[in-house]
Structure formats: C-alpha cells, structure tokens
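Student: Hi! Could you walk me through this model before I set anything up?
Tutor: Happy to, here it is.

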Amino acid sequence: SNDGVVAELQGHSQEVCGLKWSPQGSQLASGGNDNLLNIWEARRNQSRFTISRHQAAVKALAWCPFHSNLLASGGGTADRRICLWNTGNGQCLNEVDTKSQVCAVQWSTHDRELVSSHGFTHNQLILWRYAGRGRVHKVVELTGHQARVLHMAQSPDGTTIVSAAADETLRFWRILGSPTRSAAKLKMEHSSRGLLGANCIR
C-alpha cells in the first residue's frame, strides 16, 4: 500500500545507499551504488544536480552545520575520495584521496572539523580540519578497528565519536572540541586512556 506517500523521487539506477537532509531541511542529498550523487530541493520532485564525479558507490554524506550549502560526500573502494560541494551551484570545491574506502563522514558540532571512517585498505578514522573554501587538512589518523568502519555517531555534547565496525566492536573517540574546551585540550586530557581517549566495547 502507498497510503501516506506524498512524493516519489527517481534519480538512481541502482540501490540508494546514502541519504541526508540538510540542517535547514531545504535540501536532500542521496548517493547510490550507481556512483551518482543527487541534490534534491525539498519542494521539487526533480534533482537539482546529478553528479557523477565519484567512481564508486556514494554512501558517506554529511552536511556542514556552519555553511548552509556545503556538503561532504565519500566514495567506495574504487574511488576513495572525499569531495566537498557547493550545493548552491553544484561546484566541487575540493577532493581528497583518502587511500581507503570512505564509509561515513561526520562534521563536528562545535569546531570546524570533520571525521571520516574507512574500510579497505586501512579501516581507520581520519580527523580533518576545515580551512575554508572546501580545503581540508588531515589532523590525525585513528587506528584500532580490524574491519570496515561502517557507521559513526556523535555524542550529545559533541565531543565524542562512536564508531561501529564489521569487527563487531564499538569504539569511542573523544577527539572533538566542546563549546568550552578545544579539541586539542580534550585530546591531552584523555591521552592516558589510550589513543586519543579511545575506549572499546565488544
């Protein structure tokens, strides 16, 4: 039954594996196994932009909380890139080769930083500093997972990333800043608890 369906969007030829609303609710990003990234406007049934820059499935999507038209997308094993987009005009501002499959991307709530999680070949997390105009600089790589890091979630206070991997573990990384303490200070405070304060639950 289609009871309750108010719209249907068609813009992919294979499975849709990534989906994120913008913080303002005015744009929707979808990524597919067809390697396409679609940017939809909330009040239209057609894609505003259909982007074919990635060379593998687009699962990782994250809207920037401090720039309304800034989107990060990540490609799979054959692509390995994070691209940063101006969704106002469809322009790719920058792309970074991460050397690994990109599984997820998460922006910091408080700082101009983002975290990416990865699969083949390194199964790592990477903390990036956003430098403006689409530019990002790698801060640190975080290792410990033994298989693909499939999902990430940010703690309510915005300081901790929890990662979930195919190695059947959750790991907690206190690597992001808070409204009152910088990320660098948090990393120093928790260095005694393991790599950048990482704890593991199996």
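Student: How do the residues lining the largest pocket divide into nonpolar, polar and charged?
Tutor: The lining has 9 nonpolar, 3 polar and 2 charged residues. Here Ala, Val, Leu, Ile, Met, Phe, Trp, Tyr, Cys and Pro count as nonpolar, Asp, Glu, Lys and Arg as charged, and the others, Gly among them, as polar. This is a predicted model, in which local features need pLDDT of at least 70 and side-chain atom pairs count only at pLDDT 80 or more, while totals for chains, interfaces and linings use all residues. Residues are numbered from 1 along each chain as its sequence is written, and side-chain values use heavy atoms, with hydrogens and water left out.

Student: Which of the lining residues lie nearest the centre of the largest pocket?
Tutor: Lys20, Lys59, Leu61, Cys103 and Ala104, out of 14 lining residues. The elements giving two or more residues to that lining are β1 (16–21), β5 (58–63), β9 and β13 (149–154). Strands are DSSP runs of E, at least two residues long, numbered from the N terminus.

Student: How much space lies in the largest pocket?
Tutor: About 160 Å³. A pocket is an open set of points on a 1 Å grid over the protein atoms alone where a 1.4 Å probe fits, with protein on both sides within 12 Å along at least five of seven lines; lining residues have an atom within 4 Å of a point. Grid points are joined across faces, edges and corners, and the volume is the space filled by probe spheres set on the points.

Student: Switching to sheets: what is the strand order in the one with β9?
Tutor: That open sheet of 4 strands runs β9-β10-β11-β12, with antiparallel pairing. Two strands pair if DSSP finds at least two bridges between them.

Student: Why is one side of β9 and of β12 left without a neighbour in the sheet?
Tutor: β9 (102–107) and β12 (135–142) stand at the edges with a single partner strand each, so one side of each has no neighbour in the sheet. The twist averages 25 degrees from one strand to the next, with axes being lines fitted to C-alpha atoms and angles running from 0 to 180 degrees between N-to-C directions.

Student: How many bridges join β9 to β10?
Tutor: There are 5, with β10 covering residues 113–118. Trp107 stands opposite Leu114 in β10. Further along, 7 bridges join β11 to β12, and Leu125 has Leu142 of β12 as its bridge partner.

Student: Where is the cis peptide bond?
Tutor: It joins Phe120 and Thr121, with omega about 20 degrees. Thr121 sits in the loop between β10 and β11 (125–132).

Student: What is phi of Lys99?
Tutor: Near 75 degrees, a positive value in a residue other than glycine. Lys99 lies in the loop between β8 (91–97) and β9. Arg133 also takes a positive phi, near 55 degrees, in the hairpin of β11 and β12, which has 2 residues between the strands.

Student: And which strands make up the open sheet with β5?
Tutor: Its 4 strands follow the order β5-β6-β7-β8, with antiparallel pairing.

Student: Last one: where does pLDDT stay under 50?
Tutor: Over residues 191–196, for which the model has 11 contacts (heavy atoms within 4.5 Å) beyond four places in sequence. pLDDT is the predictor's confidence in each residue, from 0 to 100. For the protein chain the mean is 91, and 90% of its residues reach 70 or more.
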